[in-house]
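This report examines a few selected residues and the contacts around them. Please view the sequence and the structure before reading on.

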Amino acid sequence: PNKVMTGKVLSVNKEANTFTVMTKGNKVVFIMKKGDALPEVGKIIDITYIQTTPSGPFNAITVNASKSNSF
C-alpha cells in the first residue's frame, strides 16, 4: 500500500535522482523515477511513496506542494 509523508526538501541529487526531506525531526531519502521532476529545495511537499526497505530510501510516486505547514 502507498504511504504519504509531508516534509521540507533539504537537498536534491540530480545525478542519483534522489531528494532528502526533513520530517518530524528525521531526514528521509526518496528516489524518483527517471524523468520525473525533482522538488525544489526549501519547499514543503507531500510525497506519496512505496516503502520497500525498512530504512529507505523510499520510492516516491508523486510529489505535490503541501497545503500543510507542519512536517
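With which side chain does the side chain of serine 66 make a polar contact? The partner is the side chain of aspartate 46, at 3.0 Å; a polar contact is a pair of N or O atoms within 3.5 Å, where, within protein, one must be able to donate a hydrogen and the other to accept it, and residues adjacent in sequence count only if both atoms are side-chain atoms.

The model is predicted, so local features need pLDDT of at least 70 and side-chain atom pairs pLDDT 80 or more, while totals for chains, interfaces and linings use all residues. Residues are numbered from 1 along each chain as its sequence is written, and side-chain values use heavy atoms, leaving out hydrogens and water.

Serine 66 is in the segment after strand S5 (58-65), strands being DSSP runs (E, at least two residues) numbered from the N terminus.

The aromatic rings form another topic. The whole structure holds four aromatic pairs, with ring centres of Phe, Tyr or Trp (its six-membered ring) within 6.5 Å; planes under 30 degrees apart are stacked, over 60 edge-to-face and the rest tilted. Two of these pairs follow.

| Pair | Centres | Planes | Type |
|---|---|---|---|
| Phenylalanine 30 and phenylalanine 58 | 5.8 Å | 65° | edge-to-face |
| Tyrosine 49 and phenylalanine 58 | 5.1 Å | 20° | stacked |

Phe19, Phe30, Tyr49 and Phe58 form one aromatic cluster.

Conventions
Helix = DSSP H or I, 4+ residues; strand = E, 2+ residues; numbered from the N terminus.
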